[in-house]
Amino acid sequence: MAIKVTILGLFIYAAMGLYGLAAILFVVRVRRVAWVLYGAGCAVAAAGWAYRWVDAGHVPLQNLFEVFLTLGALMFPITLFGRRLLKVGGEAGDAVLGLVILVPAGLVFSAEPKMLPPALQSWLFVPHVAAYMLAYVVMGKAAFQAFSVLLRSGEQRLRAERDTHVVVRLGFPLLTLGLVLGAVWGKIAWGDYWNWDPKELWSLAAWLVFLGYLHFRYVYGKRYPRANAAIVLLGAGLILVTLLWVNLARIFAGGLHSYAT
Amino acid sequence: MRRIRTIVMWLVEAGLALLVVLAIVGAFLGAERAKTLFNSLPLMVFWGILGLLLVGGFAVYPCLVKRPAGLAMHLGALLILVGAMWGSDGAHALRADLLGSKKIASGFMGITEGTRENRVLAPDGRTVVGELPFDLALRDFWIDYYEMPGRRWQMAVVAPVYGGDGRLVDRRQTDIAWEVGQAVAVPFTRAEMTVLAYLPHAKATYAEGAAPGVEIAAADGKTVRLPARVGAEVTLDDPPLTIRALRVFACMKVRRAGDGFEPYEAEGEGINPAVELEFEHPDGTRETRLAMALMPEHGRRPGDPAFRYVFPRATGAEADPDSRVPAAQVRVTCDGREMTRWLLPGRDEPYTSIDLAPVVPPREPPGDGDDATPEPMEATLAPELFFVRPMGPIRDYFSDLAVMVGGETVAEKTIEVNDPLHWGGYHLYQSDYDHEAGRYTVLQVVSDSGLLAVWAGMVLLVGGAFWRFWGEPVVGKLRG
């Protein structure tokens, strides 16, 4: 954890602050101002992204810092896409996701090019991480919708259930792509497309839960909205475990993904 | 039919749920035990059932076959399942037992530079699990480091320690903190060293007649030196030959060309300076030879005068802004003896050294020099002074491999981490190397059985998913 005392750091912290305020305002329903702040946060993040491009001399998608910065700026377009084209709401959750996504960019990952060990030097590194992070953001949005299903009732519950379904369908191909890219990279770099290590297994479990959700919904439709929501929340929970716990916990002894520690 | 569909779907859901539970259990077990679990017999039955469910799904849900996206996803999943099972360790063992197949599922190989190998070993590094149907020759191995620009090169001393029987038993080494113009003690010896000059970017200068080149021996034993410079020429009387330097290489490698081989410049990919020579006989006939630093005997033919590539000692150094290496002039004194030398590394060398024997006499006791307490082992013989590149972490390591069948090279590739060689049904990965001297590579060998099915399945799965959930809604909207 290190605070970035740079211009880029300022852009990121400002965007985080704006996203945070917007989230609060969305929740208390001061929607106009919330939208303005949310849009401003995106503009600041996008400005930071452009600054990074000029400063580094390459498109900012070459390392983890840049991937998360990009996603932080993409959050607003994703919300807009959801509203306009998918007719899905959830701005408050999206603003929170934007804030959360910028935390690693602002406080954890180094902006400087790292001397990566040979195994991490592959052109597949960024696509694999980017696909997964985009998928996680979308599934996070779906999870917020699933929460609404549990909190609401009647018409609103059914509306939230429909929204959940739409967003899961948006994110599922991305989740599949991330999984497959990881396998391809594994084969090229490590010799095998699957190594049964904890990170792979947790991400497989998450993928299977969403797969199961899609089959369940295919058969039962909207008949059991809370069951649908529960499955989605389980999937999102497994995504959280994949993301957070595996890299930190020593419980899951070893495995290829432990190079992150 | 509806009842059958319901049953199939319930089995699918149950199977997926069970797989989720197994995956979570596997995550707690760790990679090793999870692999054993998922390759065990009960799980093989489970995988088979999943495969059958996929096939059954096609039979029971006709829309799966009719609509391309659904078909792609489910067919893709089935292909992945089948390909993975076909390529599993168990399947290899089964094919070995039932069909006498010689294919090895996976293993490791260790090859020393300049040798060939076809034995595949288990992870323990000793048990032989099989032999490949071809040989792998390691022609060269090298490591690339991240540069630490701006950092100064370091000085170190290595003092070998020999046993009573004269064999090397130990090496003591330590860094020497240095500043230009400052005299410092050389550890493990009674010597003192002063860095007289340090040029951050330098090139070697050689005394007349002492530049790198090819040393050729005439029949009477006298040697002539042909400088490593295009167009240089020397004449021998016995045997009567005019020898010219046609080409000069910084690092020469050989590749196939037509029926034979041709040398090429592979600068930066290792260290093998060489000169391509032309021997012209008095009758006008000409032949070419290669004088190279590594494996010198490969360039000679019977009847040739003896020749070899020589690295002379540079007598000096001068600043050269294009140079990527520094030079340091050191003066070492000991017991009244003195020597002054330049330390000049080659362009891609990680270090260079000078022998301190001229000033530090043999049998110099280490450290205190107190003869009253003789060491049980013979004391240090000549120590060496090292000039070492400040190296960052390893960036990559490379193995130049040749695939040989019946003595013929049929394929070649320089592999690195993330870029394997694929030949004969196997993938060969750069896995590790000997960390001591960097002359030995460790490769991981993996069978490619079932790989094509897995790749095809993955493409279908991802493509089908994008088409179904992204493509179809867009197409539907466009159609109104």
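**A walk through chains A and B**

Start by selecting B:N418, which sits in the loop between strand 24 (408-416) and strand 25 (421-423) of chain B. Strands here are DSSP runs of E at least two residues long, helices are runs of H or I of at least four residues, and both are numbered from the N terminus. You're looking at a predicted model, where local features need pLDDT of at least 70, side-chain atom pairs count only at pLDDT 80 or more, and totals for chains, interfaces and linings use all residues. To find your way around, residues are numbered from 1 along each chain as its sequence is written, while chains are lettered from A and ligands numbered from 1 in the order in which they are written.

Stay on B:N418 and check its backbone: phi is near 80°, a positive value in a residue other than glycine. Is B:N418 buried or exposed? B:N418 counts as buried because it has 20 C-beta neighbours inside 10 Å. The cut-offs are 20 or more other C-beta atoms within 10 Å for buried, 12 or fewer for exposed, and partly exposed in between, with C-beta atoms placed from the backbone.

Now hop over to A:R29, in the loop between helix 1 (7-27) and helix 2 (31-56) of chain A. Phi of A:R29 is near 70°, again positive in a residue other than glycine. A:R29 counts as exposed, because it has 8 C-beta neighbours inside 10 Å.

Back in chain B, zoom out. Chain B has 7 helices and 27 strands, and its C-alpha atoms fill a box of roughly 100 × 70 × 55 Å along the principal axes. Of the 480 residues of chain B, 28% count as buried.

Next, colour the open sheet of chain B: 4 strands in the order 11-12-15-16, with antiparallel pairing. Strand 11 and strand 16 (286-292) stand at the edges with a single partner strand each, so one side of each has no neighbour in the sheet. To count as paired, two strands need at least two bridges found by DSSP.

In that sheet, strand 12 and strand 15 (residues 274-280) of chain B pair in the antiparallel sense over 7 bridges. Select B:R247 and you'll find it opposite B:E276 in strand 15 of chain B.

Last stop: B:P239, in the loop between strand 11 (233-236) and strand 12 (241-249) of chain B. Which kind of peptide bond joins B:D238 and B:P239? A cis one, with omega at about 0°.
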